Amino acid sequence: LHPHSVISTGTMRPLLLLLLLATAHGLDTLSYTPVLAGAELGGRVTGSTFVLEQPRCVFQHYNTADIWLVVATAAGEWGDRGMGVYRSSPPSWPTPIPAGSASFNDSAQPGMPEWSFQRFPANTSAYLTLGAMQYHYSCPKPDGELTVLRVGTETSCAGDTSVPNCNGPLPGPGPYRVKFLVLNGSEPIATTKWSEPITLRTAQHPTSGPGMDGGHSGAIITITAILSVLLAVLLAALLATLCGSEVCGAGSFRPDATSIQRYNTHHVYDQPAARL
Amino acid sequence: MAKTDNGIRICQGLLILGNVVIGMCGIALTAECIFFVSDPHGLYPLLEATENDDIYAAAWIGIFVGFALLALSILGIVGVMKSNKTLLLVYIILMLITYAFEMASCITAATHRDYLTPNLFLKQMLERYMNSETESNTDKRMTEGVTRTWNNLMLQNQCCGVQGPSDWQEYTSAFRVTHNDADYPWPHNCCVMDTRGEPINLDGCKLGVSGFYNSNGCYDAISGPLNRQAWGVAWFGFAILCWTFCVLLGTMFYWSRIAY
């Protein structure tokens, strides 16, 4: 039985068969859709985690059953992030992947490796995590408290296959779809709707932006221009002042500054010789 | 003649006044530049790592120019009072040299202020903060300086990243190599700390609940002091130089009027 192909072809008889099967299993489909937490949380969606609102006042009638969160791949392209800082080897996936959310079989057994976090998404298209009981999501929602679920927060068990329901960091940017599944042992009792696709953040390289603008700011040009002009004027004034005085030599004639020159004429030297 | 005498007296008085102002401005310039060089905000390692710390070089030049202006102003006052041509000529030439140095300092400070964009600090923070692989000793020293400076900045100014904590999410960084995204969406120094230096609520910080983490960026805390330094050196120096220009012109005029 392939529910995916049934829904896409849209013929009546297989759809009827599916409905009969569902009611035969006693599976309630709740109208609640899991939703991301409010936008005031700065860490609502990060590179490997996302935060959901807790499903308060939804599972009122299921006091003894386990409530699991199903995380599945959604239809769409997958990017190979290859980060693998918390796994021994980075997984690589083909792109695109058919939607795990559409092919998820509600008869899931949380402890089995088929739905374990460690095999996601290479060998399984969905996993179960964040197991809880109804009293964890009691009604009414307490005032002033933040009631959220952070998916991807447990890094210690991410590679540990003995903890298949590890709430480990998500291995790629997604997109993912989640829903809540109420199980009695391994028998599904109720399920919520699938959420909208959730895409995580991808880090980019910082752009080598404008380190220095093409044109300097006007202040620098002003300072440089004015100071250069002033310096030039000062040097010119200095030259004018110095050449206006006796230093350059071609200035005004100052009689008191001349030196007296001695001239030796022949008759001065001849006189003593003549006396002898 | 009495009129010329009065004129000379006025000229002398103005020149002495001009030199007194230059002397005081020299002291002020020295004090201002010593303040900047002492780096009260601890931002020098960031500039050193950009290999573009000419703003500090401009401040160093400013210290010595300030001293020179003070000494030369005293020389000028003595020269004007004694009407000694030699002294005044020496004064003029040394003042011109000092003028040239101060001009260089002003223009350097103003020019290199333009290099300090948010992008520059962002790239430096992403490349160097908590970088565990360094190539040489100087590289290691610069990286440690940047890491230490950022840790202090984030603690003292209650800020995170250059534009905000989203910097750590939007861009790849050396920090991300050693600290995984789930445990450290941003460094723990971005969390609001208690008196012992521990985050008051680590989960709240990781979730990004306001009140448990710092959601504003540190760029204002960096650019504020650096801008004040650059403009302080540049514009104050410019003002001093304009005043010095007038005094020097007056001195040259007075010098040419002195008779032997």
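**A tour of the cysteines**

Select A:Cys57 and A:Cys139 to begin: the torsion about their S-S bond is about 95°, so this disulfide (a pair of cysteine sulfur atoms within 2.5 Å) is right-handed. The two sulfur atoms of A:Cys57 and A:Cys139 lie 1.7 Å apart. A:Cys57 sits in the loop between strand S2 (50-53) and strand S3 (66-73) of chain A, and A:Cys139 in the loop between strand S4 (126-132) and strand S5 (148-151) of chain A, so the bond ties together parts that are 82 residues apart in sequence.

A note on conventions belongs here. This is a predicted model, in which local features need pLDDT of at least 70 and side-chain atom pairs count only at pLDDT 80 or more, while totals for chains, interfaces and linings use all residues. Residues are numbered from 1 along each chain as its sequence is written, chains are lettered from A and ligands numbered from 1 in the order in which they are written, and side-chain values use heavy atoms, with hydrogens and water left out.

Next, select A:Cys157 and A:Cys166, which are joined by a disulfide with an S to S distance of 1.9 Å. The torsion about this S-S bond is about 80°, so the link between A:Cys157 and A:Cys166 is right-handed. Both A:Cys157 and A:Cys166 are buried.

Move to chain B and select B:Cys160 with B:Cys190, whose sulfur atoms are 1.9 Å apart in a disulfide. B:Cys160 lies in the loop between helix H6 (137-157) and helix H7 (166-170) of chain B, and B:Cys190 in the loop between helix H8 (174-178) and helix H9 (202-207), so the pair connects parts 30 residues apart in sequence; helices are DSSP runs of H or I, at least four residues. The link is right-handed, with 70° about the S-S bond, and B:Cys160 and B:Cys190 are both buried.

Now display every disulfide. How many are found over all chains? The search of the whole structure gives 5. Those of chain B follow the pattern 1-6, 2-3, 4-5, counting bonded cysteines along the chain.

Finally, select B:Cys242 and B:Cys246. The sulfur of B:Cys242 is 7.4 Å from its closest cysteine sulfur, in B:Cys246, too far for a bond. B:Cys246 is in no disulfide, and B:Cys242 is partly exposed at 25% relative accessibility.

Technical notes:
Helix = DSSP H or I, 4+ residues; strand = E, 2+ residues; numbered from the N terminus. Buried < 20%, exposed > 50% of the residue type's maximum accessible area, 1.4 Å probe, protein only.
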